[in-house]
Structures are given as structure tokens and as C-alpha cells.
Amino acid sequence: EHGDVDLTKAITKSCNVYFAEAAQELGASALAAEAKNFLFNSDMDFNDIVMAESVYDKTTDSNNLGWSAIGQYHDLVTPLHACMIAGAIANDGVMMEPKLLLSVSGGVSSGYQLSPSVAARPTDRSTADDLTEMMIACVQSGTGKKAAIDGYVVAGKTGTAEVAAGDGNQSHAWFVGFIDDEEHPLCIAVILEYAGSGGSNAAPVA
């Protein structure tokens with residue numbers, strides 16, 4: 001359907017076959033190590049908030065390895081962790097701890113300050129820059145087109161995650177992304193449970 005596919009086109013068009021085949025070439029250990037870099041299977045007990053652990057289950061079965069590479073098999077990720085991952089790509093490969101803001105009082109003139117903390121450094125700046133360009137392409141010409149915002153450069157990735165539901169399967173709709181703008185460093189993760197396609201349903205919400 002997609003013809004010749006490289007990584008950019010795979011991300012832009014959400015080509016599962018590319019990622020499944022890439023997983024076979026990389027191997028289970030490499031994928032598990034990279035998942036660990038992004039804090040899968042890690043304690044998420046931060047100063048301001050305690051998160052559920054996201055899971056990447058290493059498998060040596062080739063079929064399950066392919067499924068795991070596209071976010072299926074036993075993969076689990078929380079929306080906040082997904083937002084942290086997208087934020088790390090936006091932030092030159094540096095993943096920050098989530099901070100919890102309880103309230104702001106005093107109206108629009110009030111100010112508040114949070115002390116940032118680094119959670120992890122899962123990738124380098126060059127790789128983050130490359131992924132940013134691929135995620136921009138996803139929104140400009142791929143499955144994430146409905147997340148575009150006039151006047152801003154939006155980078156993102158859609159996801160459609162199959163889940164067991166009764167006697168069959170349904171899909172959760174995902175979108176993660178960010179505005180590629182130093183003045184508006186905003187990142188988002190959207191999941192709509194049992195809503196179908198990420199591109200059709202989560203992207204416009206984002």
C-alpha cells in the first residue's frame with residue numbers, strides 16, 4: 001500500500017510492517033534497552049506525582065517481537081508517560097520530571113515558579129531533531145493531519161491500539177505531539193478509549 005518505505009515515511013503513514021521488520025533486524029535486546037532508556041519498566045515515583053509503571057515486555061518470539069514494536073503485544077504506557085516521551089523529543093532528547101500544579105491565585109498578574117528536574121536523557125539531540133522532522137511530516141502530510149494548527153508547526157504521531165473487548169477487539173485512539181516553537185513549548189498526549197483511529201479521532205482533539 002505504501003510502496004518503498006523508509007523511517008520517515010513509516011512514521012508519516014503509520015506503516016506497521018516497517019516497524020515490525022525493523023524489530024527483527026534490531027533484535028529483542030536492543031528494543032528492550034531502548035525502551036528502558038525511555039523509562040519503560042522503571043519506577044515512576046517522582047517528587048510531585050507517582051505514576052503507574054509503563055511496560056515493555058521483552059520477547060524472543062519473532063511474531064510477538066514485531067507486535068511489540070508497534071505498541072501491541074504486552075506494551076503498556078500511561079498518557080502522562082507518553083507526553084513525557086514526546087516532550088523529550090521536543091527538548092533535544094532530555095526527558096523532564098512531571099510537576100503537579102495545585103492552583104494559581106491572584107488573577108492574570110500572579111506568577112508561579114517550578115523547579116525543573118531531569119528524569120532521563122533517553123536520546124541525543126541529533127536523533128531528537130531527526131524525529132521532530134519526521135513527526136512534523138506526520139502532521140503536515142500523514143496520519144496526523146487533523147492535529148495541524150494554523151500559524152504553528154505541530155509535530156506528532158498517531159496511534160491506534162487494539163484492545164480486547166468482549167468477544168472481539170476494539171481500538172484506543174492515540175495522538176502524542178508538541179508545538180515546535182521556543183515561545184510556545186507545549187506538549188500533549190491524547191487517548192480516547194474505544195474510539196477507533198488515532199488519526200481520525202485523537203488528532204483533531206489534540
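A residue counts as buried when its relative accessible area is under 20%, as exposed when it is over 50%, and as partly exposed in between (1.4 Å probe, protein chains only). What you're looking at is a predicted model, so local features need pLDDT of at least 70 and side-chain atom pairs count only at pLDDT 80 or more, while totals for chains, interfaces and linings use all residues. Residues are numbered from 1 along each chain as its sequence is written, and side-chain values use heavy atoms, with hydrogens and water left out.

**The overall picture**

- The protein chain has 7 helices and 5 strands; helices (H or I, at least four residues) and strands (E, at least two) are DSSP runs, numbered from the N terminus.
- Walk along the sequence and you get the pattern α-α-α-α-α-β-β-α-β-β-β-α.
- The radius of gyration is 17 Å, close to the 17 Å that the globule rule gives for 206 residues, so the chain is as compact as a globular protein of that length. (The radius is taken over C-alpha atoms, and the rule is 2.2 Å times the number of residues to the power 0.38.)
- Along its principal axes, the C-alpha trace spans about 55 × 40 × 40 Å.
- Take the contacts (heavy atoms within 4.5 Å) between residues at least 6 apart in sequence: 53% of them join residues at least 24 apart.

**Helix 4 (62–69)**

- Leu65, Gly66 and Ser68 are the buried residues here.
- Looking down the axis of helix 4, you'd find its buried residues within an arc of 160°, so they line one face of the helix. (The arc is that of the directions from the helix axis to the C-beta atoms.)
- The cover over those buried residues includes helix 2 (16–26) and helix 3.
- Asp61 caps the N-terminal end of helix 4, with a side-chain oxygen 3.2 Å from the backbone nitrogen of Asn63.
- Just after helix 4 comes Gly71, which takes a positive phi of about 90°.

**Helix 7 (198–205)**

- In helix 7, Gly198, Gly199, Ala202 and Ala203 are buried.
- Seen down the axis of helix 7, the buried residues sit within an arc of 100°, so they line one face of the helix.
- Those buried residues pack against strand 3 (154–165), strand 4 (168–179) and strand 5 (187–192).
- The N-terminal cap of helix 7 is Ser197: one of its side-chain oxygens lies 3.2 Å from the backbone nitrogen of Gly199.

**Ser54, tucked into a loop**

- You'll find Ser54 in the loop between helix 3 (28–37) and helix 4 (62–69).
- Ser54 is buried, with a relative accessible area of 0%.
- A polar atom of the Ser54 side chain lies 3.4 Å from the backbone nitrogen of Thr78.
- Leaving aside neighbours within four places in sequence, Ser54 touches Phe40, Asn41, Leu76, Val77, Thr78 and His81.

**The salt bridge**

- Searching the whole structure turns up 1 salt bridge, meaning a side-chain nitrogen of Lys or Arg within 4 Å of a carboxyl oxygen of Asp or Glu.
- The partners are Asp92 and Arg125, whose closest N and O atoms are 3.6 Å apart.
- This pair links distant parts of the chain, 33 residues apart: Asp92 is in the loop between helix 5 (79–90) and strand 1 (95–96), and Arg125 is in helix 6 (residues 125–141).
- Asp92 is partly exposed at 30% relative accessibility, whereas Arg125 is exposed at 54%.

Conventions. Polar contact = N/O pair within 3.5 Å; in protein donor to acceptor, adjacent residues only side chain to side chain.
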